[in-house]
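My entries are recorded below.

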Amino acid sequence: MKIQRPKGTQDIIPGIIEKWHVLEGQIRKICEEYGFQEIRTPIFEATELFQRGVGETTDIVNKEMYTFQDKGNRSMTLRPEGTAAVCRAFVENKLYALPQPVKLYYRGPMFRYENTQAGRFRQFSQFGAEVFGGEDPLVDAEVIQLVWELFNRLGLKDLVIQINSVGCPVCRAEHKSKLQAFLEPKKEELCADCQSRFDRNPLRILDCKSKHCKELIKGAPTILEMLCADCRDHFTKLQEYLEAVGIAYVVDAGMVRGLDYYRKTAFEVLVREIGAQSAICGGGRYDGLVEEIGGPSTPGIGFAMGIERVISALESQKIDIAAEQAESVTIIALGEAARLESFKLVSVLRKRGIKSFLDVLGRNMKSQMKAADRAGSKIAVIIGEDELARKTAVLRDMKTGGQAEIPLDLLAEKIEELFKRS
Ligand code: ATP
Ligand code: MG
């Protein structure tokens, strides 16, 4: 029996990986421009980190974690998201002692035991960034601006930025009791999960995926209506900052996001028409989290972006970010002596950093030309017996078909010149 990859995972094969490379390059570039430094944390962590850092009442912790006992009987979990681990690393490495704000980004696989569907995987990749030590809404705006700018550079269209404020413990206490009062008469009708959330964290009910629960919460009091003065001020200023740099957004009072630790700002970027899984990025402020994980009280804000969903949005918008490949040369060699010469030539070209290919299958002229075509080479170098006797090779422009005979020892320089000019 053939062995297949686990459900909800993907192989990223040549032809697709090029898009990942370009996207990853753009991510690194923009992060550097915005003053973020990369951090890499382990793929697995102590389970308790996510229980504390993501929240016991979330779908992630309740249903979606890949948790296992290691051989030393410790409970370990494949990371379902990045923020908790970055916060742990921030505390463990005493990064709070650095000049603030500390701006970090990460990229890599995340694991969630999900019901798989288009755009929803069990292993998927996120790019995320976190800012520690900045309380001002300007920091929130800067983070949203980075996300927005990256999407713009990629050429993505039809995006919607949704923002909301989920308040702080002060305003949430009032919201919690109003929400419970609203839901009390419908309590029996809520799904089992939401019934257990009712006392512990009724805010989570607003994020329930069940259709019936969605119906029941219609008209529920929103936290926006009861923000405390501090949270209201923060939210107003965030909108001013976004408007100042021309970032269009919509306020969605119903958005609460999936993690327990959010405070004040929550945001999401959606792409129209990608289908059910339209969120390509989500983020928010988590001022209490570093303390929760055992560090000094430190404000924080960040986001995470789903790489697969960004790539599929690009594809559905017919944007090929990997269209531009490095120019290449294919050496076409006929006969044993010419083959040796072609190996020497690619070695010289590759030392100069020129992408070059040679025939290793001993094919005839026609199939070697076809291979050069398939490789998309701009130039073919043909070394036959006659040329070899004259210590030359034929340089062929694959587009125009124009040819010239060039001395072997001048070839590398000539090719480099041609590539520089174009
Ligand atoms: P959803 O409500 O769709 O489950 P979420 O709130 O769980 O999303 P986050 O934890 O905020 O998602 O993750 C940030 C981003 O990571 C999402 O906007 C999405 O682009 C991506 N993402 C999350 N879960 C998956 C998944 N299972 N497969 C692919 N991408 C995902
Ligand atoms: Mg989810």
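The entries begin with the conventions and then take each topic in turn.

**Conventions.** I worked from a predicted model, in which local features need pLDDT of at least 70 and side-chain atom pairs count only at pLDDT 80 or more, while totals for chains, interfaces and linings use all residues. Residues are numbered from 1 along each chain as its sequence is written, and side-chain values use heavy atoms, with hydrogens and water left out.

**Helix pair.** I looked up helix H1 (residues 17–33) and helix H5 (residues 137–154), and found that they pack at about 140° with axes 11 Å apart. Helices here are DSSP runs of H or I with at least four residues, and strands are runs of E with at least two. Axes are lines fitted to C-alpha atoms, for helices over the stretch in contact, and angles run from 0 to 180 degrees between N-to-C directions. H1 and H5 are therefore oblique to each other (angles under 35 degrees count as roughly parallel, over 145 as roughly antiparallel, 65 to 115 as roughly perpendicular, the rest as oblique).

I noted that the contact (heavy atoms within 4.5 Å) includes Leu23, Ile27 and Ile30 of H1 and Leu146, Leu150 and Leu154 of H5.

**Domains.** The domain assignment gives domain 1 (16–168 + 228–317) and domain 2 (328–421); such bounds come from an automatic or database assignment. I found their C-alpha centres 48 Å apart.

**Ser328.** I located Ser328 in strand S12 (residues 328–333). Ser328 counts as buried because its relative accessibility is 1% (buried is under 20% relative accessible area, exposed over 50%, partly exposed in between, with a 1.4 Å probe and protein chains only). Leaving aside neighbours within four places in sequence, its contacts include Lys355, Phe357, Ile379 and Phe419.

Key:
Chains lettered and ligands numbered in written order.
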